[in-house]
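Let's take a friendly walk through this structure, one feature at a time. Have the sequence and the 3D view ready.

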Amino acid sequence: MMDINLVIGGAAGQGLNTLETLMLPVLKEAGFHLFAAKDIMSRIRGGVNLVTIRVAGQEKSGYRQKSDVFIALSDEAFAWAENRLTLATILIGPATVLDKWREKWHKNRRYVLESKSPGAEPMPLNMVVSGLIAGFLRLDFSLLAEKNTLLFDAQGEARVAANQAALQAGYAQGKIIDGLEVERWSDAGEYSLMNGSQAVALGAVAGGCNFLSFYPMSPATGVAIYLAQRAGDFGLVVEQFEDEIAAAGASIGAWYAGARALVTTSGGGFALMEESISLAGMSETPMVLHLAQRPGPATGLPTRTMQGDLNLVLHAGHGEFPRVIFAPGTLAEAFYLTRKAFNLADKYQLPVFILTDQFFVDSYTCLPRLKADGIETTYHVVKTESDYRRYELTSSGVSPRGIPGHGNGVVIANGNEHDEFGDTTEDEQLSQRMPEKRMKKMEALAGESLAPGFGGHEEYKILLICWGSTYSTVREAVDVSGRDDLGLLHFSQLWPLPADLDSYFQKADRIIVVEENMTGQFAALLQQLFPGNRFESMLKYNGRHFYVEDIVEKLEAL
Amino acid sequence: MNTFVSTRPGSKDISWCPGCGNFAIRNMLMAVLADLGLDPANVALISGIGQAAKMPHYIQANGFHTLHGRAIPIATGVKIANPALTVIAEGGDGDMYAEGGNHFLHGLRRNADITLLVHNNQVYGLTKGQASPTTMIGMKTPAQPEGVFEEPLNPLALAIASNASFVARGYSGQADKTKAILRQAILHRGFSFIDIFQPCVSFNKVNTYDWYEENTYWMKDHDPTQRGAALQKALESFPFPLGIFYRYQKKTFEENIVAYQNDQTPLSQRRVKIEALSKYVNFLSYEKTA
């Protein structure tokens, strides 16, 4: 087989996360391409969590709905995931679970998962399942043993030994399952494995980030946790503040004094940060903010996904000021665009946003090895003279940025309208010239805007547009649909947009914007900017990422 | 060098009322900063919103006039970026205790080496005379026409209860003694907090210069290392004690940060650590389980 889509369902607390942590590196080292996503409930114990692991012999990162193998560790998981099953799905689970669903799914191949020999203590189910996966994929058991020791060593020999026994028991059960062997991927060695949080975090470090402030909020916290645990190595400060308002403020203070700061949050936290974003706009303080979207309004669906905050980010903060919005479509883009965000924020002295979502930050995938060396990180801070003017009026709108303690001058920043020195003013002329100076930066920024990536057929009649995290899934759906009249345009920069997009639009009979929100926010933005075209929407907004099958079905109906 | 003047090229008029206590506090601050031999280029005044928060415009030093209530977190960011700077967060009682109340509490806990200067005139001046968190019970204002009935906040007791590392109260009408406190606060390593009583001549007709003279006194023989005694003093009122209430030397926020334990370079001068980055970008990633 070229790929199998493996879905494992169980209750929170049954160890699916640990299974993923153990198995993804094992599978990667065994020579597969991987894509793994999480479908989790907002609770610590119980409920239903699903882990989807797509094991492939080639680069495949689309999110498939139908599973080739479904491993259910609880009744509830079986019920919850029925829409992931077909008659061809191989069902695996404890006898109690399989028996209950036997009648409805009696035509499917089934394997009973044994986690306990007669008279013996039950084994950790997640380890039995891990062994089983390795067994049916015909992996070398030593890979499992090695990773088990590495991961659980700190928890003592007893834990390692118990895991080892469970892994072996599962492995033996997996070995008898036929027909699931996946071809190995020849490029595996050239690829890394990480999730979206790590890609954003590492991109920030590559961009010179040395300060991260946050207040915990799913799903954005992963970036902070990752960097907090490596703060010593990277030489950066990570601080959890008392609230999002303080986190955003500290970031502004840090940039003002010459650090490169990152804020990571989700929509609810971002809402609290808006006054700081406005302050960054007025005081021309650089700011880089990562927003991992989840469904709102308010607390919404805390552990699920949505592309519902584009309008929030586009319009965040009162008053008018320039900004930049990136929305990476792949992990490599997340790395390179986050890095770029720091250089742009520094150069133009404005807020730069990186818009991801729960699906993106929590998904693992293989990506071409990132380049850490040869990175051009540009710094734009100038040494001040005694007559330094922080808000000097220039033709580009960009004033040379000084920082306290670097040079003889003093740096006065101000959230009130100000003169060139930074002192508060209500002067009629300055009150017009200063906003114009700030907005002037949009001209150069528009010139630097990333062009959208084009895929599909050159001679298209229907142009699909998507942005951010949906890229891989939409891309695969276009391929799978087999239609030869589809073009695909993916935007990883949402603001400002390049001006010369009309040529893409005019070639199409229909333009359809695919996004995960209810009102078609990006479609509306395009409609406003390019009024001569008609932008239709293809939407999903139930807190779940699009499946490849969702889009294929809709494409077939066009 | 070593001169802290009150104007910049193009400086316009000062928007404080004649007789405002802010003038005295500004003069004290300029004198102490100069006396300590500091360079304006290495001092950063971070203020919120309000009349007191206009200070960065009336002293020639680095400054950031930010948002209502937010001076403390912003000042914390400044200090983290460059610990060599002398960082002073400044604002009024409404700014720091109402809008910024949460940051005040957590600034005390965090203990970054910054000085917090609160101009406490027990009223909102910028917005023309509404009650503040320290307005006394019974005072009538246009917004509280029946008189304030909420218990006034006791910022000193709060700070001492939080085991803050430097807690003091001064009075703008008593420059020499208040300057001495200010000097010690700036020299103190850790979060130093001074509440400074200050008359608002336009909007507070209760807490006037005469009132403060009659209702305050300077502590004698108080041992600021004793937390219990400090709290007792902070609970005293009518008259209100002035002076240093509590002083406790402990590790600062910066000293606790792992990134500064390994390397003293200010963040503002740090560059990308390619080696560390290379190690992680090609790492076959997985996390240790708990």
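## A pocket and its lining

The lining of the second largest pocket has eight nonpolar, 17 polar and eight charged residues. Here Ala, Val, Leu, Ile, Met, Phe, Trp, Tyr, Cys and Pro count as nonpolar, Asp, Glu, Lys and Arg as charged, and the others, Gly among them, as polar. A pocket is found on a 1 Å grid over the protein atoms alone: it is an open set of points with protein on both sides within 12 Å along at least five of seven lines, and lining residues have an atom within 4 Å of a point.

In this pocket, 33 residues form the lining, and A:Asn416, A:Asp423, A:Thr424, A:Thr425 and B:His65 lie nearest the centre. Helix H11 (residues 267-283) of chain A gives the most to the lining, with four residues.

## How to read the model

This is a predicted model, where local features need pLDDT of at least 70, side-chain atom pairs count only at pLDDT 80 or more, and totals for chains, interfaces and linings use all residues. Residues are numbered from 1 along each chain as its sequence is written, chains are lettered from A and ligands numbered from 1 in the order in which they are written, and side-chain values use heavy atoms, leaving out hydrogens and water.

## The nonpolar cores

Which residues have the most contacts inside the largest nonpolar core? They are A:Leu227, A:Ile465, A:Phe505, A:Phe522, B:Ile46 and B:Phe193, in a core of 144 residues. The largest share of this core, ten residues, comes from helix H13 (residues 331-348) of chain A. Another core, of 53 residues, lies apart from it and includes A:Val55, A:Val69, A:Ile92 and A:Leu193.

A nonpolar core is a set of buried Ala, Val, Leu, Ile, Met, Phe, Trp, Tyr and Cys residues joined through side-chain atoms within 4.5 Å. Buried means under 20% relative accessible area (1.4 Å probe, protein chains only), exposed over 50%, and partly exposed in between. In soluble globular proteins, nonpolar side chains tend to be buried together.

## Two serines in loops

B:Ser268 sits in the loop between helix H10 (258-262) and helix H11 (274-281) of chain B. Is B:Ser268 buried or exposed? B:Ser268 is buried, with a relative accessible area of 9%. Not counting residues up to four places away in sequence, B:Ser268 touches (heavy atoms within 4.5 Å) A:Ala257, A:Gly258, A:Ala259, A:Ile403, B:Ala81 and B:Asn82.

B:Ser172 lies in the loop between strand E5 (166-171) and helix H6 (175-187) of chain B; helices (H or I, at least four residues) and strands (E, at least two) are DSSP runs, numbered from the N terminus. B:Ser172 is buried too, with a relative accessible area of 4%.

Conventions
1 Å grid on protein atoms, 1.4 Å probe; cavity = no way out; pocket = protein on both sides within 12 Å on 5 of 7 lines; lining within 4 Å.
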